[in-house]
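Please look at the sequence and the structure shown here, and keep both in view while reading the explanation below.

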Amino acid sequence: MPVKCKEEQRHLTARVEGELDHHQAREVMEELDRRIDAAQPRDLTLDLGGLTFTDSSGIAVLIRTYRRMGQIRGAMRVVNTPPQAQKVFQAAGLERLIRFE
Amino acid sequence: MKVENQVTLEFPSRSANESFARTAAACFAAQLDPTLEEVNDVKTAVSEAVTNAIVHAYPEKLGKVAMKLRIKQDHILEIVVKDWGVGIADVDQARTPLFTTGSEERSGMGFTIMESFMDTLKVRSTPGKGTTVTMARKIARRAGR
Ligand SMILES: Nc1ncnc2c1ncn2[C@@H]1O[C@H](COP(=O)(O)OP(=O)(O)OP(=O)(O)O)[C@@H](O)[C@H]1O
Ligand SMILES: [Mg+2]
């Protein structure tokens, strides 16, 4: 599974690994949905340190996850974004919506 | 412009071929001795074009996708991604950032990314006949080679 989660007192950390393209996106999205539903976290840290590639499919995953967290009034931040992914997210102006650290 | 080397790949519109296509493009580009950033830009643009052919061109069946990789004079890498699918009625509208006919799994940023990661992008499409995306990127000549 390309998503590894850690949960501590309604703080959820999800580490996404490998190539997040259209082929992988649905599985990652469904797993994130499941984890968020189960944990109802106050905040989510999305760790992209193990991401080796992404494209616009990753943009959709981030936006959708951000909205899911908004629906349950939780916060979200994205950490350890590799340069290739950062360039993709920047092209979409994602840093205006989502907190990258 | 003189073509100095070229390769053509054909594959069915299966999503597993997205990673194959961008890896093949990266391998082909290697003969131009690109930087890591240049390779990643090319891979990202190829991923967008091929994913579009897989997701949008053949919504309910498998179809043929072709990718032509060319090296032209002046260290220019040209990539042509072609499908024989449903086509695009209004290409200008399709190229607008955030425009999508896809589900919420799509963000409408594919063409915008191809445009910003490559030097040129041409889209030719005929509804019912298919789409051809042609993009090019000059790979800088580096000192010391
Ligand atoms: N090969 C194609 N065949 C048919 N329609 C296409 C093709 N490529 C793009 N389109 C149309 O152009 C629109 C915009 O494409 P673009 O790649 O910019 O965004 P997207 O694919 O919808 O979303 P994203 O790429 O962000 O996941 C698509 O929604 C689709 O309607
Ligand atoms: Mg697209």
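Predicted model: local features only at pLDDT ≥ 70, side-chain atom pairs only at ≥ 80, totals over all residues.

Residues are numbered from 1 along each chain as its sequence is written, chains are lettered from A and ligands numbered from 1 in the order in which they are written, and side-chain values use heavy atoms, with hydrogens and water left out.

Ligand 1 lies between chains A and B, and the shell around ligand 1 has eight nonpolar, ten polar and three charged residues, where Asp, Glu, Lys and Arg count as charged, Ala, Val, Leu, Ile, Met, Phe, Trp, Tyr, Cys and Pro as nonpolar, and the others, Gly among them, as polar. A residue belongs to these surroundings if one of its heavy atoms lies within 4 Å of the ligand, and of the 21 that do, those that come nearest are B:His56, B:Thr100, B:Thr101, B:Arg106 and B:Ser107.

Some of these residues make polar contacts, meaning pairs of N or O atoms within 3.5 Å. A polar side-chain atom of B:Thr100 is 2.5 Å from an oxygen atom of ligand 1, and a side-chain N or O atom of B:Ser107 is 2.6 Å from an oxygen atom of the ligand. In B:Gly110 a polar backbone atom lies 3.2 Å from an oxygen atom of ligand 1. The protein covers 96% of the 600 Å² of accessible area (Shrake-Rupley method, 1.4 Å probe) that ligand 1 has on its own.

Definitions and conventions. Polar contact = N/O pair within 3.5 Å; in protein donor to acceptor, adjacent residues only side chain to side chain.
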